[in-house]
Amino acid sequence: MLTIQNLSFSYGVIQVLDDITMVVPTGRITCILGRNGVGKTTLLMNVMGLLRPTIGAVLMGEHDLTDLAADRRSALGLGLVPQGRRIFPRLTVIENLRVALAARRQPTDRIPDDIYDLFPVLKTMSHRRGGDLSGGQQQQLAIARALVADPQVLLLDEPTEGIQPNVIQHIGTVLRHLVDERGLTIVMVEQYLDFVKEIGDRFFLMDRRRVVAEGLTSDLSADLVHRHLTV
Amino acid sequence: MTCARAIAGALVIVAACVCLERPSRTLQAAAPMEMRGTTTVAVVAALDVAPAAGETSAAASPSSAALPDWALETLQNTFAGLSAGSILVLLALGLSIIFGLMGVINLAHGEFMMVGAYTAYVVSESFKAYLPPGAFDYFYLVALPLSFLVAGGVGVLCEYLVIRHLYGRPIETLLATWGISLLLIQTARLIFGDTTSFTPPSWLQGGWRVIPGLVLPLNRLFLIGLCVAAVAAVYLLVQRTPFGLLLRATTEDRPIASALGVPTRWIDGLTFGFGTGLAGLAGAIVPLYDKLNPNMGQSYVVDSFMVVVVGGIGKLAGAVVAGAGLGFLTKYLEPWLQAVYGKLAVLALIIVFLQWRPSGLFPDRGRSAES
Ligand SMILES: Nc1ncnc2c1ncn2[C@@H]1O[C@H](COP(=O)(O)OP(=O)(O)O)[C@@H](O)[C@H]1O
Ligand SMILES: [Mg+2]
């Protein structure tokens with residue numbers, strides 16, 4: 001179980017997150033919703049360890065992650081699919097996938113077979129440079145790259161941003177499959193409400209630096225959407 | 001990016017100061033031959049290898065030349081340029097990898113070279129003191145790897161103790177590496193005094209008589225060969241090994257690499273050690289044709305910074321081409337331009353170039369992009 005406890009964060013003097021507490025259920029898809037600039041990406045970065053909270057804690061199972069660097073968190077089973085995908089542009093597809101393998105204590109070359117079963121398009125592209133892929137292909141590569149490290153909890157930041165509908169559909173199917181069949185826990189920042197309602201289980205809604213609502217995605221009311229999401 | 005511009009500016013100023021302060025050493029370093037102001041090929045070849053001149057001068061005599069003088073001179077210049085460039089390439093490789101990964105401009109790079117040179121010196125003295133005379137010829141086989149390891153080890157130590165704490169603060173890092181360079185120079189001066197030298201192994205003395213009138217000194221041939229081998233090794237390490245993959249990933253996107261489990265702190269330390277180790281390797285070669293002194297690194301590092309700037313950061317091929325190019329240029333231009341002014345002219349050109357395209361030469365990558 002991933003827990004964010006009373007977490008606050010500031011960029012210099014500008015406070016972005018104020019006393020955020022979230023208890024993320026295991027084996028579910030939990031969505032984080034909120035308008036642009038409300039601090040969703042900043043929150044995921046704090047959870048991954050790429051930013052450090054001013055105060056507060058991040059716990060995973062029995063581990064207190066708060067003082068660990070990102071690579072240690074990765075070794076404990078936390079993975080990230082960042083906003084904008086951030087594929088290594090000059091590495092080939094297969095090299096992008098191998099980074100997590102090479103980082104292991106016993107480096108290995110073997111990319112798990114099921115990665116290509118989940119994302120067949122990557123197989124045909126394996127020697128193309130990451131930077132030459134289309135947005136949809138890059139998004140699939142970003143998810144595959146995080147999965148190679150074999151995470152228990154996967155953080156995804158706007159995986160549908162700028163992706164064509166059929167690829168969104170495919171990504172949704174894969175994510176749901178990973179959660180239902182393998183017990184992966186997913187925390188997903190997402191603005192695309194139909195997608196949230198289709199594949200998400202629970203949601204946290206953020207507004208003005210704080211969590212303002214939480215519940216089942218099926219209970220996400222028009223009133224909440226109107227007050228905290230429409231611009 | 002203003003910070004890259006500031007770094008570039010500081011670098012050029014430091015380079016200019018060093019260049020003005022020690023013009024004669026700069027010259028000797030890049031061009032020990034033409035310095036003597038002679039145009040006769042045979043004499044040039046002889047003087048090139050001052051400590052090992054005996055056989056060379058005997059072998060080369062203008063009267064037996066098979067080619068016209070101008071052709072011999074061109075060949076000789078090309079060869080000299082190539083060998084001068086080789087040292088620069090070795091230095092530039094390390095500088096470039098370190099900057100590409102960490103955004104650190106290592107002003108102490110030349111001093112790591114000096115550390116390598118003195119390591120070779122210590123090995124030579126130890127062989128003389130503790131081993132039978134017959135063993136002396138093999139000291140260099142021990143000295144080469146040891147120079148790499150010692151300079152690399154000192155590099156890892158400096159990274160761990162000092163530089164690691166200053167990432168993301170380019171100006172402080174720049175000053176810190178400058179401080180390290182002063183510290184290393186003073187330490188070397190305390191231990192070894194001002195100027196020393198060692199006798200190269202006999203198998204690196206003398207020359208290879210290609211055709212009558214053209215003798216290529218063995219030490220310089222060795223230098224070129226070693227440089228080629230080092231470039232190949234660096235290429236394989238970076239492109240073909242797991243470590244190289246992690247290095248490239250961290251260079252491209254440090255936070256994402258660490259989120260994928262890459263221990264970026266380790267990568268930084270090892271890479272810094274590897275880069276400074278390459279400088280140490282270059283340092284072990286210098287005493288084959290030149291004397292040692294604690295300041296020796298400064299004269300080379302200016303040129304190798306130029307190679308990095310011209311060749312492009314983190315670009316292996318760029319460093320090789322620019323290093324060889326600068327070597328050639330120096331050799332061919334020196335007859336026309338007085339060397340000091342030639343160097344200053346090149347520096348001025350680089351300053352202009354940096355004003356025109358600072359970001360093209362110092363891409364916004366590595367540590368500096370993190371925060
Ligand atoms: N590196 C940064 N430095 C300063 N402010 C930032 C930085 N990154 C984001 N911000 C600000 O923090 C707020 C939250 O940003 P972000 O977490 O990216 O929001 P979201 O992902 O919800 O759109 C925004 O107001 C943004 O302008
Ligand atoms: Mg965002």
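This is a predicted model: local features need pLDDT of at least 70, side-chain atom pairs count only at pLDDT 80 or more; totals for chains, interfaces and linings use all residues.
**Entry 1**

I looked up the strand order first. The sheet is open and has four strands, in the order β2-β1-β4-β5 (chain A). The pairing is antiparallel. I then asked which strands sit at the edges. They are β2 (14–24) and β5 (63–64) of chain A, each of which pairs on one side only.

Next I took the β1–β2 pair. Strand β1 (residues 2–11) of chain A runs antiparallel to β2(A), and seven bridges join them. I checked Tyr11(A) by name: its bridge partner in β2(A) is Ile14(A). Helix α1 (residues 40–48) of chain A packs on this sheet. Helix α1 touches β1, β2 and β4 (55–60) of chain A. I noted its direction too: about 115° to that of β1(A).

**Entry 2: a nonpolar patch on chain B**

I looked for nonpolar side chains on the surface. Val142(B), Leu146(B), Leu149(B) and Val150(B) form such a patch. Together they have about 300 Å² of accessible area. I picked out Leu149(B), which lies in helix α7 (residues 139–161) of chain B. Is Leu149(B) buried or exposed? Its relative accessible area is 55%, so I list Leu149(B) as exposed.

**Entry 3: salt bridges**

I counted 15 salt bridges over all chains. I went through some of them.

Arg202(A) pairs with Glu214(A), with the closest N and O atoms 3.5 Å apart. This pair links distant parts of the chain, twelve residues apart. Arg202(A) is in strand β9 (residues 202–207) and Glu214(A) in strand β10 (residues 210–216), both of chain A. Arg202(A) is partly exposed at 26% relative accessibility. Glu214(A) is partly exposed as well, at 48%.

Arg227(A) and Asp223(A) form another salt bridge, at 2.9 Å between the closest N and O atoms. Where do Arg227(A) and Asp223(A) lie? Both are in helix α9 (residues 222–228) of chain A, four residues apart, which is about one turn of the helix. I read 48% relative accessible area for Arg227(A), so it is partly exposed. Asp223(A) has 42% and is also partly exposed.

Arg189(B) is partly exposed at 28% relative accessible area. Asp194(B) has 51% and therefore counts as exposed, the cut-off being over 50%.

Last, I noted a network. Asp18(A), Asp19(A) and Arg210(A) are joined by salt bridges that share partners.

Terms used:
Residues are numbered from 1 along each chain as its sequence is written. Chains are lettered from A and ligands numbered from 1 in the order in which they are written. Side-chain values use heavy atoms; hydrogens and water are left out. Two strands pair if DSSP finds at least two bridges between them. Helices (H or I, at least four residues) and strands (E, at least two) are DSSP runs, numbered from the N terminus. Contact means heavy atoms within 4.5 Å. Axes are lines fitted to C-alpha atoms, for helices over the stretch in contact, and angles run from 0 to 180 degrees between N-to-C directions. Patches are made of residues with over 30% relative accessible area and no salt bridge: like charges are joined within 9 Å, nonpolar side chains (Val, Leu, Ile, Met, Phe, Trp, Tyr) within 5 Å. Accessible areas come from the Shrake-Rupley method with a 1.4 Å probe; for residues, only the protein chains shown count as cover. A salt bridge is a side-chain nitrogen of Lys or Arg within 4 Å of a carboxyl oxygen of Asp or Glu. Buried means under 20% relative accessible area, exposed over 50%, partly exposed in between (1.4 Å probe, protein chains only).
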